[in-house]
Structure formats: structure tokens, C-alpha cells
Amino acid sequence: MIVDRKWAIRNLGFDPIATPPPPSTFAVSRAATASAGVEDFQREIIDFDSEAPAGKEFFAFSTATGLSRFTDIPWPKGLAPKTGPAPSGGSSSPLPNGDVLVVTWTVDEGHALSRVLTPGKDSRNDYRPYTHNFAAISKKMRNGCPAMEAQRLGAYWTTTVGSKKVVVFKSDSHMSQDGPQLPNQDVWKQIIDEVRPGLVITTGTAGGIGKQFEVGDVIVSPVVRFDCLSKFKKEPFALSHFSSASPKSTHLTTAKTLFKANSGRLPPDNTRAPKIVRVSPSALASSVVTTDFFGFDTSDDHFKLQGLGDVSEMGDAVLGLVASQMPKPPLWVAVRNVSDPQIKAEGSIRDQAKFAAQIYKGFGRWSSVCSAIVCWALIAAE
């Protein structure tokens, strides 16, 4: 699928270039101004909260819907996620041990993941803040990044799926935001050391690479690669790739059937049900691509992403880097949903970035429900 401004009118209810949403719909005030740059739209994606006043204003302006419309998922018997009790200790305590560690990134990804894996506990309102070693790690962070503004590294809760104990972590540390010393690497090392999981999942939204993808499709990839052409282009890892073994996948067919409960909230122009794409550990060209710039696929391949992987985002390869430095790394996998498909090259690249951000704001939480269900399937198969 290639989306254009006519697609936006049909699926979002407005043209993001000719009739952009009012400033009240933005989480990042600068992103609503005429001087906003591409990186401002990236920060808007990270901070946008569909449950906050800006989200309500966005719904009033657009045809998008919020998670108040979420339909409970008909889980298989004995495998429904069961939200854990309040974690022991305070915010400065280490994370609890668990069989699986699931990490997500943006505010709306957190809302969707918590709806699926920790029903009754929301990542923004209920999760336990996590500040363990914040004073030391934050010395590497730039002022103004999300973790510094929140004064924490993230927030978490626990859940169980079958016999597996799961730690669900919403990170406030981001490769793209924290600064040139890459403290997100320290965060990954710390939370893996504390949880001691057998499986680590990094999950959330991404931009589809190629016109074969639609909003809601999910990529399950044990391969991640850096495409660092900006902030980290001089680092040894700038163009490196990493792989893990494939996780068990016995419940992925069930996951596709579970999409149906909420797939009606995806774009009306979708031509089929969301699909799940499993990537082989040796399939570098089908990897999750981690850029150090706000890149997304366009019909003229502006950011030269085509041929590098199936989706692009801005952090997962840090997990691969950290795992490569561990003597006995856990199994790990990236589970990314397509929040914005290939965008038609019309107008400026700034216009296209603005368009990509509005697609995310319209459907990011609903596409994240799909990837959260896939996370469930991988946990249930362990």
C-alpha cells in the first residue's frame, strides 16, 4: 500500500498538509508550528498520548478512535494474561525477576501493550515508576530528553501468561533522544541483568518498508540492523547487524484470529486482515532497521531504506548490540507493527514526515494492539 493525502482524508478525516490539526492536538507544541522540523515530528510520535487532552482534541478533529473502544480479547482457555499485584519495593528498587521481559517505547504503545498484557493496569497511570540508578545513568543524558523530563528510566508492572512470569516495561530512555553517549545501552544492560529473562521482546510501532505492508501488519524479527547516518555515524556499530535464534511460534496462527476483536479500528482502506511476517535469523534483508534519524519509506526511496529490511524504527538494534556483548545472552526478538505504510512522495520531505506522524496518531495504538497480541503468542509458546 502507498498512502497519499487522499488516503488521509478517507482514513483520518483530514488532509495533514492542507488542513492540519489545530495546535491543541499536539503533545509537542513546536511540532504544531510552521518552523517544525522532521525531528519535532519524531518527538511528537514519542510523546503523543491519546488518553490526554491533546488526544481528545485529536479525536474531535479527526475520525480516529481511542482505546475506550477497545474490545476484550477472547483468549484461549488458560492463557489469558493475568495482571500481577503491585511490585514490592519502591521506584528505586531493581526490577523483579521474570521469565520474559517485554519493552515498549512510546506513550500510546504503552497504553496498547498494557491493555493487552496487564488488563486493569495502564502504563501511564498505574505502572510503578523505575528510577534504579537513574542518578548515575542520567549523567549521560541530554537535558530535555523524555527520561530527564520524567525523572525516571521507565515504568513497569508484572503479568503472567500460563506459567510464565512477565515483566512489562515502558521505557522513557530512547536511543534517538538521550544523547550521543547512548545511555539507552546502559538501561538495556541493567534491566536484563535484573530480570534475568529467558526471552526479551522489544515491541512497538514502525514504518513499513515497501508497498506490500498495511497498517497493523506485524514483523517478528530475530534480526536487527543499524542504519546510522547521522548522530552515530562514526560509531563502530553504525552499520552493524545482530541476530538471535528464532523464538517458538506455535501460537502465531491463534494470534491472527485474535486480531479480529479490534482490527475494525485500523484504517478503512486496509484491503485485508493484518498479517504476521516471521523473519529468519539469516534474512538480513528482512530485518528491523534502526535509524539514528527520523526515516520512513517513501515511494521515491528518499531515505534509501528499501532493501535494508521490512520496517524502520529508532532503537531495537541497541538490544542486539547489548546482547552481543553478553557472555550468555537471552533469546531476544523484535516485534514491530506497521503504524505507517509507504508514503507517496508528494510535497516536501517535511510534509511527508508530518503526514507519517499524523498516521501514527490516528492508528498507532490500534496497530500496537496487534503487536501486543503477537508478544502474547511468543510468551505463551515459551
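The following legends describe close-up views of a predicted model.

**View A. The largest nonpolar core of the predicted model.** This core comprises 74 residues. Helix α11, spanning residues 349–381, supplies the largest share of the core, namely 19 residues. The residues with the most contacts inside the core are Val116, Ile201, Ile373, Val374 and Trp376. In soluble globular proteins, nonpolar side chains tend to be buried together.

**View B. The surroundings of Ile373 in the largest core.** Ile373 is one of the residues with the most contacts inside this core. When residues up to four places away in sequence are left out, Ile373 touches Ile73, Trp75, Val116, Ala255, Leu258 and Phe259. Of these partners, Val116 is itself listed with Ile373 among the residues with the most contacts in the core.

**View C. A further nonpolar core, apart from the largest one.**

**View D. Asp301, a buried acidic residue without a salt bridge.** Asp301 is found in the loop that lies between strands β12 (287–291) and β13 (309–313). The nearest side chain of opposite charge belongs to Lys304, 5.1 Å away; a salt bridge requires a separation within 4 Å. The side chain of Asp301 does, however, reach the backbone nitrogen of Gln306, at 3.3 Å.

**View E. The aromatic pair of Tyr130 and Tyr156.** The structure holds 15 aromatic pairs. In the pair formed by Tyr130 and Tyr156, the ring centres are 6.3 Å apart and the planes stand at 90°, an edge-to-face arrangement. Tyr130 belongs to strand β4 (residues 128–130) and Tyr156 to strand β5 (residues 154–161), so the pair ties together parts that are 26 residues apart in sequence. Tyr130 is buried, its relative accessible area being 0%. Tyr156 likewise counts as buried, at 0% relative accessibility.

**View F. The aromatic pair of Phe232 and Phe237.** The ring centres of Phe232 and Phe237 lie 6.0 Å apart, and the angle between their planes is 45°, so the pair is tilted. Phe232 is buried, with a relative accessible area of 2%. Phe237 is also buried, with a relative accessible area of 10%.

**View G. An aromatic cluster of phenylalanine residues.** Phe14, Phe48, Phe58 and Phe61 together form one aromatic cluster.

Methods: Residues numbered from 1 in each chain as written. Predicted model: local features only at pLDDT ≥ 70, side-chain atom pairs only at ≥ 80, totals over all residues. Heavy atoms only, no water. Core = buried A, V, L, I, M, F, W, Y, C linked by side-chain atoms within 4.5 Å. Buried < 20%, exposed > 50% of the residue type's maximum accessible area, 1.4 Å probe, protein only. Helix = DSSP H or I, 4+ residues; strand = E, 2+ residues; numbered from the N terminus. Contact = heavy atoms within 4.5 Å. Lys, Arg positive; Asp, Glu negative; His and termini not counted. Polar contact = N/O pair within 3.5 Å; in protein donor to acceptor, adjacent residues only side chain to side chain. Phe/Tyr/Trp six-rings, centres within 6.5 Å; stacked < 30°, edge-to-face > 60°.
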